[in-house]
Amino acid sequence: MPDAKRIDGKALAAEMSETIASETRELLEQHGIKPGLAVVIVGEDPASQVYVRNKKRRAESCGFNSVQHSLPADVDQDSLLALIDELNSNEDIHGILVQLPLPSHLDEKTITQSIDPSKDVDGFHYVNVGKLSTGDTDDAFIPCTPAGCMLMIRRELGDDLSGLSAVIIGRSNIVGKPMAALLLAANATVTVTHSRTKNLAAVVREADIVVAAVGRPEMVGGDWIKPGAVVIDVGINRVERVVDGEEKSVLVGDVNYAEASEKALAITPVPGGVGPMTIIMLMHNTLRSARAGLAD
Ligand code: NAD
């Protein structure tokens with residue numbers, strides 16, 4: 001089979017960003033509403049700093065009001081909850097995101113559940129999780145990473161995945177489980193695998209759609225991939241590699257891209273696949289939230 005199509009998440013996200021920016025201008029002109037996104041970051045985790053910076057940049061390019069709250073690593077839980085409370089009642093803020101992971105003295109569950117479900121653009125509040133799990137995908141805020149993956153899958157295979165088998169590797173609350181709910185709602189036959197799954201390669205080999213969300217560099221080899229499958233690689237792993245005779249730190253996914261692209265129909269690269277789509281889905285959710293009060 002010739003090399004797979006490379007699904008360009010970066011280009012798709014840039015295209016969507018233009019549409020969101022133009023809809024944002026319209027919302028401001030016609031209704032005087034500017035979407036407001038508040039991002040709360042606690043501590044100095046370097047990866048989180050990069051993610052937050054990218055989100056801020058994208059929010060600004062969409063024409064949003066982007067507000068960042070940077071709190072010290074030792075902030076106490078009550079102060080963080082008070083800030084969220086304030087943002088919940090701030091009419092200029094339509095989306096609230098608390099960057100995870102949080103320092104260990106803070107209870108992630110209490111924090112994420114304190115965000116008003118109508119501003120929960122990350123889709124982690126149980127109200128949104130419940131809506132998604134019961135198939136109410138139109139009304140829920142859907143977590144951004146699986147929402148971005150789903151959009152790319154739909155572009156390759158259409159809206160109705162009837163008769164197709166999908167295998168997800170990883171069962172986390174932010175990727176694997178919501179991904180399963182989305183694929184199921186689109187009529188795929190879904191298998192969720194994880195660290196305790198036996199004969200993982202054999203299970204994956206049956207899949208028309210593979211979503212890898214593990215966090216293990218290039219774990220999925222080319223011989224795991226059914227010819228003609230669509231492969232979505234969520235993993236982000238930093239590894240040391242010799243590039244042009246020099247040792248460098250590079251990002252790779254959970255899938256061996258070179259090998260898998262000899263078998264797959266289409267595959268996302270890392271970087272430049274799921275990452276940019278995750279950020280643009282956050283903007284999509286925030287714009288939707290800003291429009292929520294308008295009559296149809
Ligand atoms: P997680 O650590 O919460 O979950 C990992 C899952 O992988 C678990 O369910 C575990 O059972 C499974 N697993 C671990 N070892 C396994 C093995 N040997 N075989 C099969 N399954 C195994 O991780 P997460 O938050 O879901 O993230 C997964 C990866 O995706 C990470 O690399 C993360 O950085 C990346 N990620 C990327 C984005 C993005 O925007 N591109 C967003 C979220 C997460």
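This is a predicted model: local features need pLDDT of at least 70, side-chain atom pairs count only at pLDDT 80 or more; totals for chains, interfaces and linings use all residues.
1. Six strands form an open sheet with parallel pairing, and their order is S1-S11-S8-S7-S5-S6. Which strands stand at the edges? They are S1 (5-6) and S6 (189-193); each has a single partner strand, so one side of each is left without a neighbour in the sheet.

2. A helix comes next. Helix H6, residues 144-157, packs on the sheet. The strands touched by H6 are S1, S7 (209-212), S8 (230-233) and S11 (266-267). The direction of H6 makes about 165° with the direction of S8.

3. On to the domains. The domain assignment of the chain gives domain 1 as residues 31-116 and domain 2 as residues 144-275. Taken over C-alpha atoms, the centres of domain 1 and domain 2 are separated by 29 Å.

4. Finally, have a look at Val243, which lies in strand S9 (residues 237-243). Is Val243 buried, partly exposed or exposed? Its relative accessibility is 29%, so Val243 counts as partly exposed, since that class lies between the 20% and 50% limits. Leaving out residues up to four places away in sequence, Val243 touches Lys248 and Val250. Ala21 is 222 residues from Val243 along the chain, and 38 Å separate their C-alpha atoms.

Conventions. Residues are numbered from 1 along each chain as its sequence is written. Side-chain values use heavy atoms; hydrogens and water are left out. Two strands pair if DSSP finds at least two bridges between them. Helices (H or I, at least four residues) and strands (E, at least two) are DSSP runs, numbered from the N terminus. Contact means heavy atoms within 4.5 Å. Axes are lines fitted to C-alpha atoms, for helices over the stretch in contact, and angles run from 0 to 180 degrees between N-to-C directions. Domain bounds come from an automatic or database domain assignment. Buried means under 20% relative accessible area, exposed over 50%, partly exposed in between (1.4 Å probe, protein chains only).
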